[in-house]
Each structure stands twice: as structure tokens, then as C-alpha cells.
Amino acid sequence: MLKTYFFSEPLGYDGTQLRSLWAYRHFHIMGDSITAFRGPCKVGLDKMVDLEDVLVGDTIYSPEMLHFIIEHFDMDLEKTVYRQRLFMTIIKEDLEEVYGGSLIRRGDDLYWREKKLSVSIATLTPVSTMIHVGLNLRTEGTPVPTASLEQIGEKDPEAFSRRLMNHYAAEVADIYMARCKVRGVE
């Protein structure tokens, strides 16, 4: 069962959170999990996981984001990229359903009115796979044109994050059960 947790104190994201057992080390949450918190985001090139960004010298910065860290204890990075895109689709569908309008998903990024709403990466650790998703809460000083959740209409990041985490956990459980109810074919 996937565990969910929202940490209510401000906490910055700098890339070091993509370490195995991060939720266990910081919040005593053992096993597959999705955690959320809000805080600034500043990832230096030395902490970047996406080598494409490193090679072109891109930086990641936002004065405040809503962050999600997802950890699954399996070693299939391709499956984790699928999970990452599933989570991005859940975010997109939720915002469109609640606030109307139209967001665009390009791969693992979300855009609103051609401005970037999110950052996201999936990676592999020695014992698990991990996903980070950050959604802009503020946009001052970002290195690219960005949109914020508040501009779209979302003014309660905690309730929003809990809704998304519960939806993701339900999808993961439903996918597992879908695997368990079918018989093999010859």
C-alpha cells in the first residue's frame, strides 16, 4: 500500500531529496510513498539528475513550489517514468476539472498559457525508484517564463496536494488489483 504524507513546515528542495529512503529518514515513512511539502527550489548543476539539462547549463529555480517526492521499491526505471507521466496527467486532469481552462502536458512537464508550471524527474537509486515533481506557487526570478498554481485558481496547496496524493495512491492500488484479477492466456 502506498503511503501519503503532507509535511506542513516549509522545506526547500535542492535535489538532495532524491536519495533512497528519503521519506523514511525524514518522516519515518517506510515503503512505497508519496510525500508533499512546500518551499523554495534551487537545484545546482552538481545536483541535477537530468543530464540533458546539465549539458545545456539549465538551472532550476523557483521562490516557492509545491513539491512531491514519490518512492517505489522496485528497480524498473521505465515503469517509474510511466508512473511519473501518470502523476502529471492526474495533476493536469484535476486542475482542468476544478478550474476549467486547458493545460498542456509535454512529456513530464505541464504548461499553462505557454508558461511552464512544473519541473519533474524520475530516477533510480540503489534500492528504489524516485520521482520529484515541483509545481510553482510563486514565479518571481524563475529562469524561464512560468505559471503558478494561484494563477490557475488553486489557492489551497495543502488540500490540493492531499487530493493529488490520494488520487495517485488509488490509481496505484487499482493498477495492482487489475493485475491480480485476470487469468493468463495460452
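Which residue in E2 is the bridge partner of Phe6? I looked it up, and the partner is Ala36.

**Ground rules**

I am working on a predicted model, where local features need pLDDT of at least 70, side-chain atom pairs count only at pLDDT 80 or more, and totals for chains, interfaces and linings use all residues. Residues are numbered from 1 along each chain as its sequence is written, and side-chain values use heavy atoms, with hydrogens and water left out. My helices (H or I, at least four residues) and strands (E, at least two) are DSSP runs, numbered from the N terminus. I call two strands paired if DSSP finds at least two bridges between them.

**The five-stranded sheet**

I traced an open sheet of five strands with mixed pairing, in the order E1-E2-E3-E8-E7. Strand E1 (3-6) and strand E7 (118-124) are the edges; each has a single partner strand, so one side of each lacks a neighbour in the sheet. On average, neighbouring strands here are turned by 25° against each other, direction ignored. E1 and strand E2 (residues 33-43) run parallel and are joined by four bridges.

Next I checked the helices on this sheet. Contact means heavy atoms within 4.5 Å. Axes are lines fitted to C-alpha atoms, for helices over the stretch in contact, and angles run from 0 to 180 degrees between N-to-C directions. Helix H3 (residues 77-99) packs on the sheet and touches E2, strand E3 (60-72), E7 and strand E8 (129-138). The direction of H3 makes about 25° with that of E8. Helix H5 (residues 157-180) lies across E1, E2, E3 and E8, at about 30° to E3.

**The three-stranded sheet**

I found an open antiparallel sheet in the order E4-E5-E6. E4 and E6 are its edges, each with a single partner strand, so one side of each is left without a neighbour in the sheet. H3 packs on this sheet too, touching E4 and E5, and its direction makes about 170° with that of E4.

Four bridges join strand E4 (residues 103-106) to strand E5 (residues 109-112). Arg105 stands opposite Leu110 in E5. The hairpin of E4 and E5 has two residues between the strands, and Gly107 there takes a positive phi near 65°. E5 and E6 are joined by two bridges. Trp112 stands opposite Lys115 in E6.

**Loop residues**

I used these classes: buried is under 20% relative accessible area, exposed is over 50%, and partly exposed is in between (1.4 Å probe, protein chains only).

Is Ser148 buried or exposed? Ser148 is buried, at 6% relative accessible area. I placed Ser148 in the loop between E8 and helix H4 (149-152). Neighbours within four places in sequence aside, Ser148 contacts Leu117, Asn136, Leu137, Arg138 and Thr139.

Glu114 lies in the loop between E5 and strand E6 (115-116). Glu114 is exposed, with a relative accessible area of 53%. Phi of Glu114 is near 65°, a positive value in a residue other than glycine.

Leu21 also has a positive phi near 65° and is not a glycine. I located Leu21 in the loop between E1 and helix H1 (22-27). At 30% relative accessible area, Leu21 is partly exposed. Phe73 is in the loop between E3 and H3, and is partly exposed at 34%.
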